[in-house]
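Trainee: Please take me through one spot in this model up close. I would like to see how a single side chain sits within the whole chain.

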Amino acid sequence: MIEVNIDKTLGKFHLQLHLKSKSKRIGILGASGCGKSMTLKCIAGIETPDAGKIILENKTLYDSEQKINIKPQQRRIGYLFQNYALFPTMTVRKNIMAGLKCTRSEREQITSQMIGKFQLEGLENRLPEELSGGQQQRVALARIMAYEPDVILLDEPFSALDEFLKDKLQQELIEMLADYPGTVILVSHSRDEIYRFSEELIVMDAGKMICHGETKELFDAPTRKEAARLTGCKNIIEAVREDEHHLNIPAWDVCLTLKQTIDESIHYIGIRAHDFVPIWDVDETEEEKKEWLPVRVDSVAKLPFEQKYFLCPADEKAENICWFVQRDQWPILEEKGMPSWLEIPEEKLLLLK
């Protein structure tokens with residue numbers, strides 16, 4: 001269990017986070033500069049909050065009122081930095097051994113166990129510059145796991161990698177941590193990394209937690225505009241609630257009739273680019289057509305596995321509407337041509353505060 005209630009001001013930036021979780025795999029998603037890394041540094045003890053409390057597994061690491069501030073090296077926290085922070089003049093074996101507080105024979109035994117666990121046999125005497133990115137990551141994790149931390153903090157560990165290597169190392173990391181019983185917190189601005197890794201998700205914006213819950217549920221129903229954008233929604237537009245079942249979208253010249261009750265706090269709608277339903281010429285009433293978007297193509301990006309259509313909205317000053325068509329749907333477009341309208345299915349509509 002982890003509990004974080006902290007306030008931290010740095011210049012004009014103010015971090016204010018209130019979190020309590022029993023999950024073992026937590027993701028923190030947010031844009032650059034939102035306070036993700038600062039949160040990890042406060043948990044690790046690298047930065048000191050101005051006020052608040054940090055409790056890990058019933059152990060108080062920081063409490064401003066009780067004047068408790070445990071030193072970083074005594075917090076039993078492993079911190080995996082973006083660049084892995086390996087000692088450049090030390091071999092793999094010495095990097096793993098660094099920081100272990102026990103007898104020499106015990107250090108040797110633990111280091112050998114870690115070399116086997118993280119598949120580093122044959123690399124023991126190499127320096128970090130002689131290792132690949134994946135090998136460096138394994139050494140950094142082996143060094144962390146050698147002293148059996150209660151929590152592992154991952155600070156955007158894949159941000160500097162190309163897409164192929166990033167995908168490979170993400171999977172390796174998940175596998176290497178599969179039998180780790182402690183809590184792991186991953187911070188990232190990549191929604192794919194967060195979705196793949198975490199059970200529980202925190203979405204941050206401008207130093208504050210704006211959403212918190214089960215990862216899949218938050219991706220399916222983000223509830224807030226900022227959270228929808230961070231989880232990949234391409235179409236977010238202002239909406240006007242007419243009554244409990246009608247939403248007017250002025251920029252799209254559409255009024256939606258919904259079965260569900262629309263809360264008064266709703267001021268935006270979102271629709272993911274893959275969730276539109278194409279409508280070709282059909283015998284429908286004018287009333288039904290008023291809820292559809294007419295397709296007026298501004299530009300097209302043809303990619304190997306999907307085609308991205310950018311459509312002109314009714315309000316020329318509004319952002320283009322994104323409609324992405326995956327490869328398995330191309331034959332329908334080739335057969336029927338471009339649709340006349342796009343329908344917004346209610347079950348795919350995101351109602352946002």
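Mentor: Of the 353 residues in the protein chain, 46% count as buried (under 20% relative accessible area; exposed is over 50%, partly exposed in between, with a 1.4 Å probe and protein chains only). This is a predicted model, so local features need pLDDT of at least 70, side-chain atom pairs count only at pLDDT 80 or more, and totals for chains, interfaces and linings use all residues. Residues are numbered from 1 along each chain as its sequence is written, and side-chain values use heavy atoms, with hydrogens and water left out.

The protein chain has 10 helices and 23 strands (DSSP runs numbered from the N terminus: H or I, at least four residues, for helices; E, at least two, for strands). Its C-alpha trace spans about 80 × 50 × 35 Å along the principal axes.

Now find V203. It sits in strand 10, residues 200-205. V203 counts as buried because its relative accessible area is 1%. Which residues does V203 touch, leaving out those up to four places away in sequence? They are L29, K208, M209, I210, C211, L218, A227 and L230. A contact here means heavy atoms within 4.5 Å. Across the protein chain, take the contacts between residues at least 6 apart in sequence: 62% of them join residues at least 24 apart. For a sense of distance, look at Q329. It is 126 residues from V203 along the chain, and their C-alpha atoms are separated by 33 Å.

V297 lies in strand 19, residues 297-302. V297 counts as partly exposed because its relative accessible area is 38%. With V300 and M338, V297 makes a nonpolar surface patch of about 210 Å². Patch residues have over 30% relative accessible area and no salt bridge; nonpolar side chains (Val, Leu, Ile, Met, Phe, Trp, Tyr) are joined within 5 Å, like charges within 9 Å. A salt bridge is a side-chain nitrogen of Lys or Arg within 4 Å of a carboxyl oxygen of Asp or Glu.

The surface also carries a charged patch. E242, D243, E244, D263 and E264 gather there as a patch of negative charge. D263 is in the loop between strand 15 (254-257) and strand 16 (268-271). D263 counts as partly exposed because its relative accessibility is 46%.

Finally, step back. The accessible surface of the protein chain comes to about 18,500 Å², and 48% of it belongs to carbon and sulfur atoms (Shrake-Rupley method, 1.4 Å probe).

Conventions
Lys, Arg positive; Asp, Glu negative; His and termini not counted. Charge placed at Lys NZ, Arg CZ, Asp CG, Glu CD.
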